[in-house]
Every structure is written in C-alpha cells, then in structure tokens.
Amino acid sequence: MNNIEYRAEDFLFGSTKEISKALADRVKSLRKQKRMTQEKFSEHIAIPFGTYKEFETNHKISLEGFIKVCRGLDRVEDLFLLLKPKSIEEVGIAEWIDTRK
C-alpha cells in the first residue's frame with residue numbers, strides 16, 4: 001500500500017500541481033485504508049466515478065467534490081485547519097488585532 005506521508009512544511013514551496021498531487025495521493029491512501037475501490041468510494045460519496053477517478057489520476061476536482069471526498073473519509077474537520085486564524089506569534093500583535101476587527 002502507498003503510505004505517503006506529507007508534512008505541512010512540504011507544501012510551503014510546492015507548486016499547485018505538487019500540492020494537488022500530494023492531496024490526491026493522501027486521499028487515495030486513506031480510501032485504501034477503508035478498503036474501498038474507487039468505484040465503491042465514489043458511490044459512497046455520491047459523485048460520478050469518472051469525476052473521482054479524475055481526481056486520483058490527474059489531481060483535479062471541484063471544491064464541492066473535494067468536500068464530499070473529505071466527508072466520505074470522515075475528515076471534514078481537517079478542512080477547517082486549512083485556513084485557521086493565525087496566532088499572535090505568527091503575525092505579530094498589530095496585524096492580529098487588525099484581523100479581529
């Protein structure tokens with residue numbers, strides 16, 4: 001099984017294609033852990049098989065489709081970590097206060 005692990009810092013300087021591929025690889029690994037074929041998983045998340053296969057193969061999917069994928073993997077909460085508010089330490093006190101307005 002393909003157990004590729006990525007760290008947040010792996011994405012810092014990655015291209016859009018590299019990040020898309022990394023996400024698709026991670027999803028594929030999680031799907032396989034659930035012992036589901038692409039076809040069964042696409043049925044489970046209610047998207048066309050071709051759409052899901054396109055995601056794993058060419059790393060392209062709509063945001064709505066990606067949310068369905070995450071929901072099917074019981075990982076929707078991970079989406080909220082993507083754009084979480086920055087901490088004071090990350091941005092400095094003045095900018096942090098400004099973001100709270």
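## Model and confidence

Residues are numbered from 1 along each chain as its sequence is written. The model is predicted, so local features need pLDDT of at least 70, side-chain atom pairs count only at pLDDT 80 or more, totals for chains, interfaces and linings use all residues, and side-chain values use heavy atoms, with hydrogens and water left out.

The chain has a mean pLDDT (the predictor's confidence in each residue, from 0 to 100) of 84, and 71% of its residues reach 70 or more. Confidence is highest in helix α2 (residues 38–44), with a mean of 98, and lowest in helix α7 (residues 93–99), with a mean of 60.

## Overall make-up

Let's start with the whole chain. There are seven helices and zero strands, where helices (H or I, at least four residues) and strands (E, at least two) are DSSP runs numbered from the N terminus.

Of the 101 residues, 21% count as buried; buried means under 20% relative accessible area, exposed over 50%, and partly exposed in between (1.4 Å probe, protein chains only). The accessible surface, from the Shrake-Rupley method with a 1.4 Å probe, comes to about 7,600 Å², and carbon and sulfur atoms supply 56% of that. Among contacts (heavy atoms within 4.5 Å) with a separation of 6 or more, 43% join residues 24 or more positions apart.

## Helix α1 and its cover

Helix α1 covers residues 16–33, and its 18 residues should span 26 Å at 1.5 Å a residue; the expected span is 1.5 Å times one less than the number of residues. The end C-alpha atoms are 26 Å apart, in agreement with that value.

Which residues of α1 are buried? They are Ala22, Ala24, Asp25, Val27, Ser29, Leu30 and Arg31. Their cover includes α2, α3 (49–58) and α4 (63–72).

Leaving aside neighbours within four places in sequence, Ser42 is in contact with Ile47, Pro48, Phe49 and Tyr52.

## Positive phi in two loops

Most residues other than glycine have a negative phi. Arg35, although not a glycine, has a positive phi of about 55 degrees. Arg35 lies in the loop between α1 and α2 and is exposed, at 77% relative accessible area.

Asp74 also has a positive phi, near 55 degrees. This residue sits in the loop between α4 and α5 (76–82) and is exposed at 54% relative accessibility.

## Salt bridges

A salt bridge here is a side-chain nitrogen of Lys or Arg within 4 Å of a carboxyl oxygen of Asp or Glu, and the count comes to five. One of them joins Asp25 and Lys21, whose closest N and O atoms are 2.7 Å apart. These two residues are four apart in α1, which puts about one helical turn between them. Asp25 is buried, at 9%, whereas Lys21 is partly exposed, at 39%.

Arg31 pairs with Glu56, with the closest N and O atoms 2.6 Å apart. Arg31 lies in α1 and Glu56 in α3, so this bridge ties together parts 25 residues apart in sequence. Both partners are buried. Asp74 and Lys34 meet in another salt bridge, at 3.5 Å from N to O. Asp74 is in the α4–α5 loop and Lys34 in the α1–α2 loop, so the pair links parts 40 residues apart in sequence. Lys34 is partly exposed, with a relative accessible area of 36%.
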